[in-house]
Amino acid sequence: MSVAVELRHISKRFPGVIANKDVSMSVETGTVHALVGENGAGKSTVMKILYGMQRPDSGEILVNGTTVHFKNPNDAIEASIGMVHQHFMLADNFTVLENVILGSEPQHGITIDFAAARTKVVEMAAQYGLEIDPDVLVEELGVGQRQRVEILKVLYRGARILIFDEPTAVLVPQEVDDLFNALKGLRAQGMAIIFISHKLDEVLRVADDVTVVRAGSTVAEVKSKDVTARQLAELMVGSELPQPSTHGDTRRPEITLALKDVSISTKSGSRDLISHVTFNLHAGEVVGIAGVEGNGQAELVEAIMGLRDYTGEIEFSGANINDLSVAHRRDLGIGLIPEDRQRQAMMMESPLWENRILGHQRGKPVMNGFVLDMKTIMTDTKSIMEEFDVRAPGPQTLAAALSGGNQQKFIVGREMSKAPSLLVASHPTRGVDVGAQGAIWEELRRAREKGMAIVLISADLEELIGMSDRLLVMLRGVITAELDPAKTTPDQLGSAMTGAA
Amino acid sequence: MKIKALKFLRYATILVFVLAVIRQITGASDLTSVGTASAALLLSVPIVLAGLGGLFSERSGVVNIGLEGMMVMGAWAGGMIGYKHGPWLGLLAAIIFGAVGALVHAIATITFGVDHVVSGVAINIIAMGLVRYLSTILYKSGAWKGPSQSPDVDSIGTNSLPVLSGGDYFGWKSPDLLNSLAEKHWFFISDLASILRGITGDLSYVTVLAIAMVPLSLFVLWKTAFGLRLRSAGEAPIAAESLGVNVYAMKYAGVLISGGLAGLGGGFLAIVAANHYQENQIAGRGYIGLAALLFGNYRPGGILMGAGLFGFADALQLRDSASVHALILLIVVVLAVLIIRDIRKGKIVKAALTFAFAGLSLWYFMAVKELPGQLVTMTPYIATLLIMSLASQRLRMPAADGIPYRRGGLR
C-alpha cells in the first residue's frame with residue numbers, strides 16, 4: 001500500500017505557546033488513521049497545517065510522495081485533501097445540492113447545469129453509502145444528515161484524503177454507527193482518512209492505525225489492533241501531567257449544605273428530572289456527583305442555585321434557603337462555576353472587567369453606593385488575573401479573545417475572589433488545556449483546605465475520583481450509590497454510572 | 001415552474017372576477033378601467049425597481065435602507081443629464097448615480113463594517129442634501145423653473161402589443177382588439193379586456209425594460225453560478241468563503257446592482273412618470289420598495305405583487321375617490337379569504353381578529369358614502385399596511401442579512 005500523506009517533524013509556534021514541537025505521521029491509502037490526544041495537545045493545529053489554514057515553522061508535508069507547500073485551503077483542495085469541519089459550514093436555506101456544488105458549479109452556457117450536478121451527487125451518494133435527497137433544504141436535516149452533506153461537499157471536489165475533525169462530537173450513537181459505516185465504505189474505495197478524536201473506544205472501533213500526540217509531539221504510532229484503550233489513554237496523558245488528587249481529610253464538623261428530598265418534576269408530569277435527592281456536605285469536603293450527562297446533574301445545580309423550582313428542602317449553613325432568590329443565595333456565600341462558560345458565565349463581547357462584575361454586582365468591592373467603583377474593579381480584575389495566571393493583555397481585553405483555559409481560570413478566580421463557603425463546580429476543567437487544568441485543581445485543593453465545601457460535577461472520571469472525598473452516583477435523577485473514591489477505579493465508577501453494577 | 005405560472009394565472013383571473021363583481025355592485029367604473037390599470041402599472045414600476053434593488057442587496061447580506069437616497073440620486077441625474085443629453089443617456093446616468101450612492105454604502109458596510117442601518121440612513125440624508133446643493137450650483141434662469149426642479153426632458157417613446165392593443169408599426173396601424181372588447185361593457189369579459197389593455201397598451205419602453213427585470217432577476221439569482229454565490233454570501237458567508245467564494249466581491253456586486261436598479265427607478269420617476277426632476281419626487285418610494293421586498297418574502301414574483309398592490313391603490317386614489325370607496329369592499333373580500341385560510345389552519349385567534357377588521361371595514365363601507373379627502377390620499381399606504389400585516393406569512397430573510405462579515409472571522 002502506498003503512503004498518501006506523510007508529515008515529517010512538523011513544528012509550529014504561536015506567540016507565547018508552542019503548538020507543535022515535533023509531529024510526524026504517515027497515512028496509507030485505504031486506511032483510517034486516527035490522530036488522538038488531549039485537548040490542547042496540538043491535534044487541530046496539525047490538521048490546520050495539513051489543510052493549508054496555517055503554515056508550519058519547520059517540517060515537511062508529503063502528499064503521494066511529493067513535497068507540498070500549501071498557502072491556503074484551496075491549495076490543499078487542489079492536492080485532493082478535504083476537511084469535514086466539526087462545526088458544519090452549511091447554508092440552512094439552501095438545498096443539499098446547492099450546498100454541495102457552491103463554489104464549483106457545473107456550467108451549461110451561463111446557467112448552472114443542475115441536472116448534471118444532481119446526477120453526479122446522487123451517484124456519488126450511492127457509491128459511498130451516503131444516501132440523501134439532493135433537493136431538500138438543509139434546515140430540514142438532522143445533524144447526522146448534515147454531516148453527510150459536508151462529506152459529499154468534500155468528495156464532490158475530488159478529495160482522496162479526508163480529514164474528519166472530531167466528527168462524532170455532535171452525533172448520537174445511531175448516527176455514529178452510520179458515520180463509521182460510511183467511513184468503512186470510503187476506505188474500501190481507496191481513500192485515506194484521518195480521524196481526529198479523543199474518544200478512545202471509537203478510535204479503536206474504526207481506525208487501522210493510531211498516532212498519539214501529547215503536548216505538541218508525536219509520542220507513538222501504533223496499530224489499533226495491538227493496543228487497548230487503557231494503553232492509549234496512558235500514552236495520551238503521560239506521566240508528566242498533573243494528577244487530580246487531594247491530601248488528607250480536611251472535613252470540619254459543621255454542615256455547609258444539606259439537601260432533603262429535593263425533587264424537580266417535569267411539566268408533562270412524567271418521570272422527575274431529579275427525585276428525592278438527599279445528602280449533607282461538610283465544610284472542607286468535596287462531594288463528587290458522577291453520572292452520564294443528562295441524568296439530573298444540571299438540574300441539581302439549578303436547584304442549589306435557586307434557578308429552578310423544586311420541592312424538598314435545601315439548607316445552607318443550617319438555615320433553610322428555599323425561599324431565597326439566586327442573588328440572595330450568592331450573597332450568602334454560594335459560588336458557581338457553570339458548565340457552559342461561554343453561555344452561562346461570560347459575556348464574550350465584553351471586556352474582562354465587566355465580566356468580573358457578573359454575579360458580584362450588588363456590593364463591595366464592585367459597587368460604591370449606587371455607582372460602579374471603577375478604580376477598585378480595575379485593580380481587582382488585575383489581581384484576579386495575576387493570582388490565577390489568566391494570560392491576557394489586561395482588564396480591557398474582550399473575553400472572546402481569551403483561550404478556553406484562560407476564560408475558565410478567570411471564572412474560577414472571579415468566584416473564588418469572594419471566598420464563598422460553598423462552591424458548585426460544574427465541569428470546572430472541561431475543554432481546558434492541561435496547564436489550566438492543573439492550576440484549577442490546585443485552586444480547588446487550597447480552597448478545600450481552607451474549609452470551602454465543594455459540589456463537583458464532572459464527566460472526567462479521574463478528576464471525580466481524584467478530587468472528591470465522597471462520590472454520589474446519579475442515574476435518571478436518583479442517587480443510586482455512594483462510593484469511596486479511594487476504593488473505586490474509573491471502570492467501577494463507569495459501570496455504576498450506567499447502572500450496570 | 002409551469003404549475004406556478006398556471007396557479008398565478010388562475011388567481012389573477014379570480015381577482016379580476018371579484019373586481020368585476022364589486023364594480024357591478026358599487027358602480028365604481030374606474031376599478032377596472034383602462035386608465036386605472038395603466039396608471040397602476042406606471043406607479044408600480046419604480047417600486048418594483050426599488051424592491052428588486054433591495055433584493056440583490058439583501059440576498060448578498062447587506063441591509064439597504066439607503067435605497068431611498070439612491071433613488072433620489074438617480075432621479076436627479078435622470079433629470080439633469082436627461083434634459084441636456086436626451087432621455088436614454090439620462091436613464092444611464094440615473095443608473096450610474098444610483099450605483100455611486102451604493103458604492104458609498106458598500107465601502108462603509110462591507111469594507112469598514114459600519115452598521116448597515118446607520119450607513120443607509122446616512123446615505124438617505126446625504127443624497128437629499130447633495131442633490132439640492134448641486135441643483136443650486138447648476139441653476140440658471142431660462143429653461144429652469146427654479147433650483148428645485150430641472151428643465152423638461154424629452155419623452156421616451158411608447159408602444160403597444162400589436163393586434164391586441166393597437167399602436168403603429170412602420171406605418172401600419174394595428175387593430176386594438178382589447179380596447180374594442182373593453183368598450184362593449186360586457187360583465188367580466190370587458191373588465192378583463194380593459195385591465196389587459198391598460199397594462200399592454202401605450203407602454204413606455206422603460207416600463208417594459210423594468211418589468212423584464214423581474215424574470216431576469218429570478219434567472220440571475222436562482223439559475224446562475226453568480227446568483228448562487230451571491231445568495232450564499234447572504235446565507236452563510238463563512239461557509240461560502242471556505243469553498244472559495246469571494247464573499248466581499250459578491251456583496252459589492254449585490255449592493256452595486258441594488259444601487260443601479262434603485263437609480264433606474266428614480267430615473268424612471270423623473271423621465272417617464274414625470275418629464276423633469278423635482279425635489280421630493282421620490283417621496284418614500286424607496287421605503288415602499290423595501291416593504292414590497294418584505295411582502296414578497298425576498299422573491300422577485302412577490303415583489304411584483306406587492307408593488308402592483310400599492311400601484312393599484314395609488315392609481316385609484318389619484319383617479320377617482322369614489323373607487324377608493326369601492327376599494328374598501330375589495331379589502332373586505334380579501335380579508336374574508338384570509339379568514340377562511342386561517343380557520344382551515346386552526347389559527348382561531350388570528351381569524352377572529354381579521355374578522356373584526358373585516359366587520360369594521362364593511363360597516364364603514366355601508367355607513368359612509370364618500371371618503372374624506374385626507375383618507376383618500378392615504379389609501380395606498382393603508383391598503384398596503386392592512387394587507388401586509390394580515391397576510392403575514394412565514395417571512396424568511398437571508399440568514400446572515402445585516403451581519404457585518406469579516407474574512408477569516410470564524411464564529
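Which domains does the domain assignment of chain B give? In this predicted model, the assignment divides chain B into domain 1, made of residues 1-30 together with 320-394, and domain 2, made of residues 33-160 together with 202-319. The C-alpha centres of these two domains of chain B are 28 Å apart, and the contact between them involves 16 residues of domain 1 and 12 residues of domain 2. On the domain 1 side of this contact, the elements contributing two or more residues are helix H14 (321-344) and helix H16 (373-390) of chain B, and H16(B) provides the largest share, with eight residues. By class, that side of domain 1 of chain B consists of seven nonpolar, seven polar and two charged residues.

Chain A contains 17 helices and 24 strands. Its radius of gyration is 25 Å, close to the 23 Å that the globule rule gives for 501 residues, so chain A is as compact as a globular protein of that length. The C-alpha trace of chain A extends over about 75 × 50 × 50 Å along its principal axes, and 42% of the 501 residues in the chain are buried. Of the contacts in chain A between residues at least 6 apart in sequence, 69% link residues that are at least 24 apart.

Within chain A, an open sheet is formed by six strands in the order E18-E21-E22-E15-E23-E24, with mixed pairing. Strand E18 (334-337) and strand E24 (478-483) of chain A are the edge strands, each pairing on one side only, and the twist from one strand to the next averages 20°. Inside this order, strand E15 (residues 286-290) and strand E23 (residues 470-475) of chain A pair in the parallel sense over four bridges, and A:Ile289 has A:Leu472 of E23(A) as its bridge partner. Helix H17 (residues 490-498) of chain A packs on the sheet and touches E15, E23 and E24 of chain A, with its direction at about 35° to that of E23(A). A further helix, H9 (residues 297-305) of chain A, lies across E15, E18, strand E21 (422-426), strand E22 (453-457) and E23 of chain A, and runs at about 155° to E21(A).

Other strand pairings in chain A involve strand E13 (residues 255-264), which pairs with strand E14 (residues 274-282) in the antiparallel sense over six bridges; here A:Leu259 has A:Phe279 of E14(A) as its bridge partner. E13(A) is also joined to strand E16 (residues 311-316) of chain A by five bridges, again in an antiparallel arrangement, and the bridge partner of A:Lys260 in E16(A) is A:Glu313.

The contact between the chains involves 17 residues of chain B and 16 residues of chain A. On the side of chain B that touches chain A, helix H9 (225-235) and helix H10 (237-242) of chain B are the elements that give two or more residues, and the largest share, five residues, comes from H9(B). The residues on that side of chain B comprise nine nonpolar, four polar and four charged ones.

Key:
Residues are numbered from 1 along each chain as its sequence is written. Chains are lettered from A and ligands numbered from 1 in the order in which they are written. This is a predicted model: local features need pLDDT of at least 70, side-chain atom pairs count only at pLDDT 80 or more; totals for chains, interfaces and linings use all residues. Two strands pair if DSSP finds at least two bridges between them. Axes are lines fitted to C-alpha atoms, for helices over the stretch in contact, and angles run from 0 to 180 degrees between N-to-C directions. Two residues are in contact if their C-beta atoms, placed from the backbone, lie within 7 Å. Ala, Val, Leu, Ile, Met, Phe, Trp, Tyr, Cys and Pro count as nonpolar, Asp, Glu, Lys and Arg as charged, and the others, Gly among them, as polar. The radius of gyration is taken over C-alpha atoms; the globule rule is 2.2 Å times the number of residues to the power 0.38. A residue is buried if 20 or more other C-beta atoms lie within 10 Å of its own, exposed if 12 or fewer, and partly exposed in between; C-beta atoms are placed from the backbone. Domain bounds come from an automatic or database domain assignment.
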